[in-house]
Amino acid sequence: MKIFLLGANGQVGWELQRSLAPLGAIMACNRHSGNLENLDDLSTLIRDYCPEIIVNAAAYTAVDNAESEPEKAYQINTKAVDFLAQEAKQLNAWFIHYSTDYVFDGDKKGVYLENDTPNPQSVYGQTKFAAEEAIKKSQCQHLIFRTAWVYSLRGANFVKTIIRLAKEREELKIVTDQIGAPTSAELIADVTALCLYKITQNKNTLSNLIGLYHLTPEGETSWHGFAQFIIAELAGMGVEFRAKFENIVPISTSEFPLPAKRPANSLLETKIICRTFNLKLPQWQFHAQRLLKELFSQQAI
C-alpha cells in the first residue's frame, strides 16, 4: 500500500510517520516538498506516486493570524483540501483529513455531535468547515477527523508554553471559561492508523465507514485546569517553577482578548468513532502524563 502524507513535520504529521509505517510505503512531504500553495507541482507529485491513501495533516493553524491573512488561510485550509479531495477521487484513493472544534460557535450546552450545525466564528474555523464541505462534495472515499486542543512532544503548543512561562513568571493567568479535552497528536495518529487498517480489512463494507468522526479523548477540563495539571505533574517529578500551583490564576476569556474568537465549549462526542471502529478512547490525562514523563526523561524541561 502506498501512502502520501502531507504536513509530515507538524505535530500530527510527525506522529503519523510512525503510526502509518506498518501499513505500507509512505511518501512524507513537508511544507516545502508538498507545498499546498503550489497545486500544479503537488498534482504532479501525487500522480507520479499514485497513492492508495492521501493523508493531509497540513494546515494553516495560526488562528489569530488568519484574521489578517484570510486569503492565505483559505488557500491552504480550503482550496488545497478541495484539490486533494478531487485528486483522491480521480485516483480512487482514500482521503484522510483533520478538522477542528472551531467549526462550532461553542455556545452549546453539552457535547457536540457530528451532525450538529457548524457555526464558525473565526476565519480559521470558516476555512476548516468549508474544507469539510468540499471533501463531501467531491464524493471521494474519505475519513474526516474533527479534533481539538492538540499537543505533542514536537512543535509549539499549550503544554510547552505553560512550562516555559511557569519558569519565567511567578504568576500565570489562564482562561477558565473554555472547556475541552486536551488531545495528544500521538492518540490522533494511532487512531488514524487503526481506522485505516480496519478499512483495508473490510473491503465489503467500505461505504459504511466513509464519513466525519469526532476524535478526542474522554473527559474534560478548562485551559486553567490543564495548566494546573501540567504544573502539578511536573512538580511531583521534582521540576521547579517560579510559578507555584496556587499562583495559576483563573481568568475569563474577556480578560484575555485575542483577534480570533475561541469556542467556549470544545467538547466533541466520540461515540460514533468508537462504535464504528470498535475503539475505546482513554481519559485525556493518560497521554498528557505520558508526554510530561517523556519531557522529564529527556531533560527537556
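Me: A polar contact is a pair of N or O atoms within 3.5 Å, and within protein one must be able to donate a hydrogen and the other to accept it. What makes the link between the side chains of Ser-152 and Gln-11 a polar contact?

Reply: This is a predicted model, and in it the link between the side chains of Ser-152 and Gln-11 is 3.0 Å. The cut-off is 3.5 Å, so a pair at that distance falls within it. The side chain of Ser-152 also reaches the backbone oxygen of Arg-154 at 2.7 Å.

Me: Where is Ser-152, and why is it called buried?

Reply: Ser-152 sits in the loop between strand E6 and helix H5. Its relative accessibility is 4%. Buried means under 20%, so Ser-152 qualifies. Not counting residues up to four places away in sequence, Ser-152 touches Gln-11, Asn-157, Lys-160, Ala-185 and Leu-291.

Me: Which residues of H5 are buried, and what covers them?

Reply: Helix H5 runs over residues 158-168, and its buried residues are Phe-158, Val-159, Ile-162, Ile-163, Leu-165 and Ala-166. The cover includes strand E6 (150-151), strand E7 (172-175), helix H8 (223-236) and helix H10 (284-297).

Me: What happens at the start of H5?

Reply: A side-chain oxygen of Asn-157 comes to within 3.2 Å of the backbone nitrogen of Val-159.

Me: What makes the contact of H5 with H8 nonpolar in its classes?

Reply: The axes of H5 and H8 come within 10 Å and cross at roughly 65°, and the crossing is right-handed. H5 contributes Phe-158, Val-159, Ile-162, Ile-163 and Ala-166 to the contact, and H8 contributes Trp-223, Phe-226, Ala-227, Ile-230, Ile-231 and Leu-234. Ala, Val, Leu, Ile, Phe and Trp are among the residues that count as nonpolar. The tally is therefore eleven nonpolar, no polar and no charged residues.

Me: Why are H3 and H4 described as roughly parallel?

Reply: Helix H3 (residues 70-91) packs against helix H4 (residues 123-138) at an angle of about 15°, with the axes 9 Å apart. Angles under 35 degrees count as roughly parallel, so H3 is roughly parallel to H4. H3 passes H4 in a right-handed crossing.

Me: Which residues make that contact, and how many of each class are there?

Reply: On H3 they are Pro-70, Ala-73, Tyr-74, Asn-77, Thr-78, Val-81, Asp-82, Ala-85, Gln-86 and Lys-89, and on H4 they are Val-123, Tyr-124, Thr-127, Lys-128, Ala-130, Ala-131, Ala-134, Ile-135 and Ser-138. By class, the contact of H3 with H4 has eleven nonpolar, five polar and three charged residues.

Me: What makes the phi of Gln-139 worth a remark?

Reply: Most residues other than glycine have a negative phi. Gln-139 is not a glycine, and its phi is near 65°, a positive value. Gln-139 lies in the loop between H4 and strand E5 (141-147).

Me: Is Gln-139 buried or exposed, and how do you know?

Reply: The relative accessibility of Gln-139 is 61%. Exposed means over 50%, so Gln-139 counts as exposed.

Me: What is the phi of Asn-278, and why is this residue called exposed?

Reply: Asn-278 has a positive phi of about 55° and is not a glycine. Its place is the loop between helix H9 (271-277) and H10. The relative accessible area of Asn-278 is 66%, and the mark for exposed is over 50%, so the label applies.

Me: How do you know whether Gly-7 is buried or exposed?

Reply: Gly-7 is in the loop between strand E1 (2-6) and helix H1 (11-20). Its relative accessibility is 13%, which is under 20%, so Gly-7 counts as buried. Leaving aside neighbours within four places in sequence, Gly-7 is in contact with Gly-13, Trp-14, Cys-29, Ala-57 and Ala-58. The C-alpha atoms of Gly-7 and Ala-28 are separated by 7.8 Å, and the two residues are 21 residues apart along the chain.

Me: What makes the pairing of Glu-186 with Arg-290 a polar contact?

Reply: The side chains of Glu-186 and Arg-290 make their contact at 2.9 Å. The limit for such a pair is 3.5 Å, so this distance is within it. Glu-186 is found in helix H6 (residues 185-201). Apart from neighbours within four places in sequence, Glu-186 is in contact with Glu-15, Arg-18, His-287 and Arg-290.

Methods
Residues numbered from 1 in each chain as written. Predicted model: local features only at pLDDT ≥ 70, side-chain atom pairs only at ≥ 80, totals over all residues. Heavy atoms only, no water. Axes fitted to C-alpha atoms, helices over the stretch in contact; angles between N-to-C directions. Helix = DSSP H or I, 4+ residues; strand = E, 2+ residues; numbered from the N terminus. Parallel < 35°, antiparallel > 145°, perpendicular 65-115°, else oblique. Left-handed = near helix turned anticlockwise from the far one by under 90°. Contact = heavy atoms within 4.5 Å. Buried < 20%, exposed > 50% of the residue type's maximum accessible area, 1.4 Å probe, protein only.
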